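Subject: Structure for your review

Dear colleague,

Please find below the structure that I am handing over to you.

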Amino acid sequence: MDLNAFLQTLVYGLALGGTIAVSAVGLTLSYGVTRFINFAYGEFLTLGAYATLALAGAGLALPLAGAVSVVAVGLAGVAIARLAFDPLMHRGLLPLLVTSVGLAFVLHNMVRMVAGANPLRFPLPLMRPWEVAGVFVPREQVATIAVALVAMALVHLLLSRSLLGKSMRAVADDAALARSAGVAAPRVLAATWFLSAAIGALGGILLAVTQVTLDPAMGWRFLLVVFAAVLLGGIGSPYGAMLGGLIVGLGVELGATYVSADYAYAFAFVLLILVLLARPRGLMGGRT
Amino acid sequence: MSGDPATDPPVLQVEGLDAGYGDLQILFAVDIAVAPGEQVLLFGPNGAGKSTLIKALARQIVPSAGRVQLNGRATAGLAPEALAAAGLGYVPQVANVFTTLSVRENLEIGGVRLAGRRRRQRIADMGELFPRLAERLDQRAGTLSGGERQMLALARALMPEPSVILLDEPSAGIAPALVSRIFDMVAGLRATGTSVVMVEQNAKQALAYVDRAVLMEGGRVRLQDSADALLHRADIGALYLGTSSAS
């Protein structure tokens with residue numbers, strides 16, 4: 001085995017894994033508090049990427065455009081949830097699931113209507129990769145890994161140190177008990193929607209960087225891989241989602257390099273099946 | 001610090017309360033008043049509606065008729081979190097701690113509406129009241145023993161210094177040797193001025209710790225009296241406390 005090629009694959013795997021991990025954390029946070037899988041979540045990724053592209057096109061530096069987009073999509077997530085999900089929250093899972101699928105198509109087609117269906121690219125300058133001991137390390141991939149690590153560290157700090165994060169974990173653990181203990185559930189729910197959509201937007205921006213192009217269906221396509229990471233880590237567990245994302249990203253890149261690039265994303269599901277056979281609740285299922 | 005039900009304005013007043021599950025009515029016109037600092041036991045046979053009454057007071061189920069006032073304020077329409085803010089603590093029978101959170105985090109959630117410094121002070125207070133918890137502040141609540149969980153559930157509910165605390169079977173699932181310790185802790189709440197309304201299957205033992213008891217049967221209040229008087233009534237002992245004579 002060529003060690004340099006292996007190390008290079010690891011770098012790509014970590015960048016993809018970081019992207020999946022960030023995206024998976026956003027999805028699992030909203031699941032933990034609301035107990036339903038939001039199929040419109042992939043559209044937060046798409047909106048984040050397109051908003052960044054639009055703001056960068058308007059003259060903002062790409063990092064600033066990304067930061068503004070993350071906050072804007074977070075706020076849009078709160079508004080969307082208030083309009084579409086909150087009124088259905090006590091009517092069972094099915095109406096919520098169906099609404100989220102319908103919402104995904106609406107948002108997806110709105111982006112297509114405004115931005116067109118053709119693939120676009122972020123205005124990134126051409127950069128020579130770093131060469132470290134014979135391994136070429138693209139700077140975009142390193143930036144993606146760094147941003148993903150910072151995002152996951154921030155999520156960890158939020159969940160473990162802030163009262164809001166602890167309230168979110170308490171609601172995810174037992175919503176009725178949390179409310180009777182005095183946790184303001186509507187405020188926690190709104191904060192969760194904001195974080196979920198904002199983190200999703202960040203995942204979309206990272207995805208557009210790692211995959212080079214963005215298109216209106218990028219979030220919807222990527223959602224399946226994000227699900228795989230969420231389930232592999234243990235649904236509802238943010239730390240499981242981080243771990244699941246990294247494993248899936250590395251698995252996809254290693255499988256594509258050493259087995260077949262045609263089936264790259266199939267490896268994510270092979271990994272998922274293998275893990276669920278051994279641990280039906282995922283790697284960190286039952287923990288938060 | 002127990003108040004006098006005859007003279008003190010009640011901290012919790014229940015009038016004509018009906019409640020149940022869907023079409024199944026369990027409670028019928030229940031009237032109870034609890035004085036400040038008073039400890040009240042709800043007892044009676046299985047299916048008497050004791051736990052349903054506790055759930056209705058905590059608004060885990062919505063009463064279909066009647067009135068509940070907490071510190072003179074009607075609780076109708078209040079969400080559970082607003083009820084907690086109004087001074088009501090609730091400890092359910094099961095699932096009464098956040099198992100994925102640490103002991104400290106459980107206490108922080110109990111004091112979620114307190115300012116940071118006050119919350120830290122209350123956690124220190126709870127550590128003094130329950131030294132076992134102070135030794136385990138960073139332990140996950142899901143790994144605690146049954147007795148420690150009950151202590152934590154009680155401490156969490158006490159964090160915001162509620163006027164009334166509702167306890168649903170605090171001795172359930174606890175080793176017999178620890179039951180009296182749990183009752184001691186509940187009795188110790190007198191010093192804090194917090195009123196207690198407690199449901200307990202182990203009524204005979206619990207009566208020795210409370211001020212007053214309410215006998216429920218068929219979803220109705222059959223009688224209310226001081227705990228001491230009920231402990232010495234032969235008919236109550238024989239029918240509801242499992243004794244052949246008053247003890």
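Two residues are in contact if their C-beta atoms, placed from the backbone, lie within 7 Å. By this criterion, 19 residues of chain A are in contact with 23 residues of chain B. On the side of chain A that touches chain B, helix H6 (163–173) and helix H7 (175–180) each supply at least two residues; the largest share, 6 residues, comes from H6(A). Helices (H or I, at least four residues) and strands (E, at least two) are DSSP runs, numbered from the N terminus. The residues of this side of chain A divide into 9 nonpolar, 4 polar and 6 charged (Ala, Val, Leu, Ile, Met, Phe, Trp, Tyr, Cys and Pro count as nonpolar, Asp, Glu, Lys and Arg as charged, and the others, Gly among them, as polar).

Please note that this is a predicted model, in which local features need pLDDT of at least 70, side-chain atom pairs count only at pLDDT 80 or more, and totals for chains, interfaces and linings use all residues. Residues are numbered from 1 along each chain as its sequence is written, while chains are lettered from A and ligands numbered from 1 in the order in which they are written. The predictor gives the complex an ipTM of 0.87 and a pTM of 0.88.

In chain B, 4 strands form an open sheet with antiparallel pairing, in the order E2-E1-E4-E5; two strands pair if DSSP finds at least two bridges between them. Its edge strands are E2 (24–34) and E5 (73–74) of chain B, each pairing on one side only. Strand E4 (residues 65–70) of chain B is joined to E5(B) by 2 bridges, and Leu70(B) stands opposite Arg73(B) in E5(B).

Yours sincerely
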